[in-house]
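Hello,

Here is the structure I promised to pass on to you. Have a look at it first, and my notes on what turned up follow below.

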Amino acid sequence: RQRQMCIRDSYKVMKESRSLNVFFGVLIFVVFWLFVSQILEMKLLGSILDKLVSVGTLALIILFQEEIRNFFFTIGTHRQVESLLKLIRRNKKDNKKTNKDDIMPIVMACMSMSKQKVGALIVIERNLPLNDIIRSGELIDANINQRLIENIFFKNSPLHDGAMIISKKRIKAAGCILPVSHSMDIPKELGLRHRAAKGISQETDALAVIVSEETGNISVAYKDTFHLRLSA
C-alpha cells in the first residue's frame, strides 16, 4: 500500500510539472536502444546509442532534479517514516512544542491584517530546516510579536512582499523568497502568495499562513493542500 501511494504521488508530481510526456519519450528511447543493441545486434548504431545513454543519465538527473527531490520528499513524509522520525526525535519533544504564547501573536496579527486587507505570508518551520529560504531574506531573529509581524507586512515596509520565516519559536527572517508552485489545481482567484505557499508546502513539511490582500481571507497551505477562508 505504501508503495502504491509513493507511485501515485510521484505520478501526480510529474503530471503537475508537465514532465510526464518527457518521461514517456525517454522510456520509448530506452526500449528502442535495447531493441537495437540486444535483439537486432546492430553494433555501430548500438555503440552510438550507448554513448547517448551514458551522457543522457546525467542529463536526466539535471532535467528531473525537482521531481527527484519531490519523490524522495514524498517517501519521507509517509506515516511509517514519520513515526520513525518522531521516535528518534522523542528526546527533543519539549523543544519542539509550540504553546499558546507562540501561536496567539500570529493569530492576532493575521486577524488584524485580515480586517485591513494587508497581504501577508508567514511560513512556520517544522521538522525540515529552512536555512536556504532564511538566507534568501533579511535576518531578524526576534521574539514572536504581533506588532512586529504587522509592521513587517505593512504596505510601505520594504519586506512586505516576501515571506516571513518562523523557526524554533523565533521570527528568523522576512522578505524571503519561496519556490512558486506551477500546479494547475490552484484556483485562478488565488494570487502569487498562495502559489508560493503551496510551493513551500510541496517541497517541505512547513506550514504556510496566507492573508489575502484582495479579500482579507486567511488560508493555510500544508502538505500540498490548501485550507481556505479560516477563522481565528
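A salt bridge here is a side-chain nitrogen of Lys or Arg within 4 Å of a carboxyl oxygen of Asp or Glu. Please keep in mind that this is a predicted model, in which local features need pLDDT of at least 70 and side-chain atom pairs count only at pLDDT 80 or more, while totals for chains, interfaces and linings use all residues. Residues are numbered from 1 along each chain as its sequence is written, and side-chain values use heavy atoms, with hydrogens and water left out.

Salt bridges

By that rule there are seven salt bridges. In one of them, aspartate 224 meets lysine 198 with N and O 2.8 Å apart. This pair links distant parts of the chain, since aspartate 224 sits in the loop between strand 6 and strand 7 (225-227) and lysine 198 in helix 10, 26 residues apart. (Helices, H or I with at least four residues, and strands, E with at least two, are DSSP runs numbered from the N terminus.) Lysine 198 is buried at 8% relative accessibility; buried means under 20% relative accessible area, exposed over 50%, and partly exposed in between, with a 1.4 Å probe and protein chains only.

Aspartate 102 forms a salt bridge with lysine 169, the closest N and O atoms being 3.9 Å apart. Aspartate 102 belongs to helix 7 (residues 100-116) and lysine 169 to the loop between strand 3 and strand 4, so this pair ties together parts 67 residues apart in sequence. Aspartate 102 is buried at 12%, whereas lysine 169 is partly exposed at 32%.

Arginine 135 and aspartate 132 also meet, at 2.4 Å from N to O. They are three residues apart in helix 8 (residues 131-135), or about one helical turn, and both are exposed. Finally, Asp141, Arg170 and Lys172 are linked in a network of salt bridges.

What does helix 10 (residues 192-203) look like in length? Its twelve residues reach 17 Å from first C-alpha to last, close to the 16 Å expected at 1.5 Å a residue, where the expected span is 1.5 Å times one less than the number of residues. Nine of the twelve are buried, so helix 10 is largely enclosed by the rest of the structure. Among them are Arg193, His194 and Gln202.

Strand 5 (residues 207-211) is largely enclosed too, because four of its five residues are buried. It runs antiparallel to strand 1 (residues 120-124), with five bridges joining them; two strands pair if DSSP finds at least two bridges between them. Isoleucine 122 stands opposite valine 209 there. Strand 5 also pairs in the antiparallel sense with strand 6 (residues 218-222), again over five bridges, and alanine 208 faces alanine 221. Six residues lie between these two strands in the hairpin, and glycine 216 in the turn has a positive phi of about 80°.

Backbone and cysteines

Most residues other than glycine have a negative phi. Aspartate 141, in strand 2 (residues 138-143), has a positive phi near 55°. Lysine 168 has a positive phi of about 55° as well, and at 62% relative accessibility lysine 168 is exposed.

The structure holds zero disulfides, a disulfide being a pair of cysteine sulfur atoms within 2.5 Å. Cysteine 110 is buried at 4% relative accessible area, and cysteine 176 is buried at 4%.

Best wishes
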